[in-house]
Amino acid sequence: MSTDTASQSTDNRPIAVVTGASSGIGAATARQLATQGYHVVLGARRLDRVTALADEIGGTGRQLDVTDDDSVAAFVAGLDTVNVLVNNAGGAKGLDPVSTADLDDWRWMWETNVLGSLRVTKALLPALIASGDGLIVSVTSIAAFEAYDNGAGYTSAKHAQGVTHRTLRYELLGKPVRLTEIAPGMVETDFSLVRFEGDRERADAVYAGLTPLVAEDVAEVIGFVASRPPHVNLDQIILKPRDQASARRNVKTG
Ligand code: NAP
């Protein structure tokens with residue numbers, strides 16, 4: 001069912017939209033929500049991946065570049081009623097001190113994590129309200145609460161994404177939409193591979209010597225959030241591996 005059939009006129013399942021569903025946390029969340037009875041609309045730039053996963057879970061795969069207004073408009077077309085939006089698309093580029101910050105990396109992080117989530121949220125807000133029981137999940141990070149050396153491009157973007165989400169929680173008071181911020185610590189996905197531009201050795205070193213979370217750990221929590229009754233709002237959930245106490249301290253750093 002990977003073609004464009006995400007319309008409630010043809011399918012009575014509630015609709016969940018997951019951005020960045022081509023890998024990692026987004027893909028695992030799409031699978032999880034499908035098992036909970038949602039028709040999942042999966043978006044990412046790699047259409048082949050979201051289409052394949054949509055086929056597997058009986059959902060709909062659509063191309064989405066959250067940094068592009070037209071792409072977002074095409075992605076949300078026909079989605080008039082949406083029950084769950086998971087703003088997950090995002091990531092980090094580079095690990096540089098402020099003194100040598102790469103402005104293109106910063107632009108990528110702000111465009112994707114902050115403005116990308118904002119674009120999709122704005123576009124789907126009427127559909128979430130129209131559902132009568134909407135839920136917006138923002139996947140931020142412990143980087144939305146902490147600073148760490150060489151991480152300012154990412155931590156500042158995640159702080160901004162988090163504050164935008166928390167502001168919306170106030171602004172939607174009285175509307176039938178719940179908002180949950182999910183802030184994971186270390187999760188072994190393609191995150192570090194993207195951050196280090198495909199340098200597998202450097203990416204693997206991040207997770208060596210400790211047991212990180214896996215994408216399914218986060219997806220299960222998102223599934224739990226989505227399964228709460230309409231009057232229960234889980235505002236913020238921070239989840240970390242046992243081996244990590246903060247963005248700066250884990251079993252390796254002591
Ligand atoms: P990942 O495996 O690299 O997944 C990132 C996803 O974002 C991919 O599906 C990617 O799809 C999508 N994406 C990137 N740019 C996009 C764009 N412009 N438009 C649409 N989709 C885009 O990493 P992940 O760990 O699952 O990351 C998911 C979220 O969790 C991110 O927001 C990340 O910041 C957050 N997070 C991760 C960790 C961690 O340790 N892994 C910790 C805390 C928070 P395409 O490339 O196909 O577009």
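Predicted model: local features only at pLDDT ≥ 70, side-chain atom pairs only at ≥ 80, totals over all residues.
A backbone N or O atom of Gly90 lies 3.5 Å from an oxygen atom of the ligand. Lys158 brings a polar side-chain atom to 3.0 Å from one oxygen. Gly185 uses its backbone instead, with a polar atom 3.5 Å from an oxygen of the ligand.

The shell around the ligand counts 32 residues. Ser22, Ser23, Arg45, Tyr154 and Thr189 are the closest. Four helices each supply at least two of its residues: H1 (24–35), H4 (103–130), H5 (152–171) and H6 (191–195).

Take Ser22 next. Ser22 sits in the loop between strand E1 (15–19) and helix H1. Is Ser22 buried or exposed? Its relative accessible area is 12%, so Ser22 counts as buried; the cut-off for buried is under 20%. Beyond its sequence neighbours up to four places away, Ser22 touches Ala27, Ala44, Arg46, Arg49 and Val50.

Tyr154 is another of the closest residues to the ligand. Tyr154 belongs to helix H5. Its relative accessibility is 6%, so Tyr154 is buried. Which residues does Tyr154 touch, not counting residues up to four places away in sequence? They are Gly91, Ala92, Met109, Asn113, Thr140, Ser141, Ala143, Tyr148, Phe191 and Arg195. Ala144 lies 10 residues from Tyr154 along the chain, and the two C-alpha atoms are separated by 8.7 Å.

Now turn to the nonpolar interior. In soluble globular proteins, nonpolar side chains tend to be buried together. Here the largest nonpolar core holds 33 residues. Leu33, Val40, Leu42, Val86 and Ile182 touch the most other members.

Leaving out residues up to four places away in sequence, Val86 touches Val17, Val18, Thr19, Thr29, Leu33, Val137, Val139 and Ile222. A second core is separate and has 22 residues, including Val41, Leu125, Ile136 and Leu179.

The loops and helix ends hold some backbone details. Most residues other than glycine have a negative phi. Asn150 is not a glycine, yet its phi is positive, about 70°. Asn150 lies in the loop between E5 and H5. At 36% relative accessibility, Asn150 is partly exposed. Glu197 likewise is not a glycine and has a positive phi, about 50°. Its place is in the loop between H6 and H7. How exposed is Glu197? Its relative accessible area is 67%, so Glu197 counts as exposed.

Helix H7 spans residues 200–207. At its start, a side-chain oxygen of Asp199 reaches to within 3.3 Å of the backbone nitrogen of Glu201. Gly209 follows H7, with a positive phi near 85°.

Terms used
Residues numbered from 1 in each chain as written. Heavy atoms only, no water. Near = heavy atom within 4 Å. Polar contact = N/O pair within 3.5 Å; in protein donor to acceptor, adjacent residues only side chain to side chain. Buried < 20%, exposed > 50% of the residue type's maximum accessible area, 1.4 Å probe, protein only. Contact = heavy atoms within 4.5 Å. Core = buried A, V, L, I, M, F, W, Y, C linked by side-chain atoms within 4.5 Å.
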